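Please look over the sequence and the 3D structure below. The briefing that follows goes through them topic by topic.

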Amino acid sequence: MRKGVMRPGHVQISVLDLEEAVSHYGDLLGLIEMDRDDQGRVYLKGWTEVDKFSVVLRKADAPGMDFMGFKVLNDEVLETLEKDLQDYGCSVEHIAAGELKGCGRRVRFKAPTGHNFELYADKEQTGKWGVSNVNPEAWPRDLKGMKATRFDHCLLYGPNVEATYELFRDVLGFDLAEQVVDPDDNRIAAFLTTGMKAHDVAFIDCPEPNKFHHASFFLDSWEAVMRAADLITMTDTSIDIGPTRHGLTHGQTVYFFDPSGNRNEVFCGGDYHYPDHPPVTWKAEDLGKAIFYHDRVLNERFLSVLT
């Protein structure tokens, strides 16, 4: 049952060299730099996104994900979900409005996988980049690189995937769109959605908590994914896998790394999900086909390189 969580709103990524990261996410991925703050953080967004930012880059001693935020319908929903989280047994941290520039107050909690998540209701809206809200043109003419349209989802590794799934289902109202089960029918991966997308966040079982697999960005077409792969080679960017197709979600994809070692994905297509759809199940013994539909063989780096 949906509880008023609308969509992924932002992800804060730790990077080793801020300006190298800004070049990667701006010039290569094609995100637009929107602001910087007195902590030195850089705010970016995809060109179709209405809110001010969706990616925050922070200089740190180690790469990884600091937190992922979801936008909720309004402040009343935020207050209800905050109480529901506390009643469920989650410790809640309050973060004041303005700590992220242009964002309202945030409610942060830690999932059983060890990852930090937050909910918020308000963020400054700057509109789509370079496109009017009245009689809009098809696309802006000054986009760079891969021309990423939006921040789409994160894939995260950690323990207690089942408990995390139950938290997102029972408290936040997410649906299970796809899953991977082992031979004993234990759920070892959960792909969760709060709307019609194939997933907004996904979790894969891993003994080490709070590991970041990738942040993903949406492109318009398979041609755009192929062009992104060309740009990866043209810029000598470290590539992980692809272009290829997933079995899970059926998205068409290519994976690569930012200069700090954080994995990125750009993709197009993918399945859709309605609340009455039963989850799609993949067997762990067929994981190669589930992840890399064409090769049907796992890339060990894809499973083991995490930040």
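Contact means that heavy atoms lie within 4.5 Å. By that rule, and leaving aside neighbours within four places in sequence, Thr-149 is in contact with Gly-46, Trp-47, Thr-48, Glu-49, Phe-218, Leu-219 and Asp-220. This is a predicted model, in which local features need pLDDT of at least 70, side-chain atom pairs count only at pLDDT 80 or more, and totals for chains, interfaces and linings use all residues. Residues are numbered from 1 along each chain as its sequence is written, and side-chain values use heavy atoms, with hydrogens and water left out.

**Terms for burial and for helices and strands**

- Buried means under 20% relative accessible area, exposed means over 50%, and partly exposed is in between (1.4 Å probe, protein chains only).
- Helices (H or I, at least four residues) and strands (E, at least two) are DSSP runs, numbered from the N terminus.

**Two loop residues**

- Thr-149 sits in the loop between strand 8 and strand 9 (150–158).
- Thr-149 is buried, because its relative accessible area is 4%.
- Met-196 sits in the loop between strand 11 (187–193) and strand 12 (201–205).
- Met-196 is partly exposed, because its relative accessible area is 47%.
- Not counting residues up to four places away in sequence, Met-196 touches Asp-271, Tyr-272, His-273 and Tyr-274.
- Met-196 and Ala-177 are 19 residues apart along the chain, and their C-alpha atoms are separated by 9.3 Å.

**Helix 2**

- The expected span of a helix is 1.5 Å times one less than its number of residues.
- Helix 2 (residues 75–88) has 14 residues, so it should span 20 Å; its end C-alpha atoms are 20 Å apart, which agrees.
- Val-77, Leu-78, Leu-81, Glu-82 and Leu-85 are buried in helix 2.
- Seen down the axis of helix 2, these buried residues fall within an arc of 135°, so they line one face of the helix.
- The arc is that of the directions from the helix axis to the C-beta atoms.
- An α-helix has 3.6 residues a turn, so residues three or four places apart point the same way.
- Glu-76 and Asp-87, on the other side of helix 2, are exposed.
- The cover over the buried residues of helix 2 includes strand 1 (5–15), strand 5 (64–72), strand 6 (92–95), strand 7 (106–110), strand 8 (116–120) and helix 3 (161–170).
- At the start of helix 2, a side-chain oxygen of Asn-74 comes to within 3.2 Å of the backbone nitrogen of Glu-76.
- Just after helix 2, Gly-89 has a positive phi of about 105°.

**Helix 3**

- In helix 3, Val-161, Thr-164, Tyr-165, Leu-167 and Phe-168 are the buried residues.
- Viewed down the axis of helix 3, its buried residues fall within an arc of 160°, so they line one face of the helix.

- Two strands pair if DSSP finds at least two bridges between them.
- Strand 1 and strand 5 run antiparallel and are joined by 8 bridges.
- Ser-14 stands opposite Gly-64 in strand 5.
- Strand 5 also pairs with strand 8, in the parallel sense, over 4 bridges.
- Phe-70 has Leu-119 in strand 8 as its bridge partner.

**Nonpolar cores**

- A nonpolar core is a set of buried Ala, Val, Leu, Ile, Met, Phe, Trp, Tyr and Cys residues joined through side-chain atoms within 4.5 Å.
- The largest core has 61 residues, and Leu-57, Phe-117, Met-146, Phe-168, Leu-172 and Val-201 touch the most other members.
- Helix 4 (residues 222–234) gives the largest share of this core, 6 residues.
- Apart from this core lies another of 16 residues, among them Tyr-255, Phe-292, Phe-302 and Leu-306.
- Not counting residues up to four places away in sequence, Phe-168 touches residues including Phe-70, Phe-117, Leu-192 and Val-201.

**Backbone exceptions**

- Most residues other than glycine have a negative phi, and most peptide bonds are trans.
- Asn-210 has a positive phi of about 60° although it is not a glycine.
- Asn-210 lies in the loop between strand 12 and strand 13 (211–218).
- Asp-236 is not a glycine either, and has a positive phi of about 55°.
- Asp-236 lies in the loop between helix 4 and strand 14, and counts as exposed at 71% relative accessibility.
- The peptide bond from Gly-242 to Pro-243 is cis, with omega near 5°.
- Pro-243 is in strand 14 (residues 239–245).

Definitions and conventions:
Polar contact = N/O pair within 3.5 Å; in protein donor to acceptor, adjacent residues only side chain to side chain.
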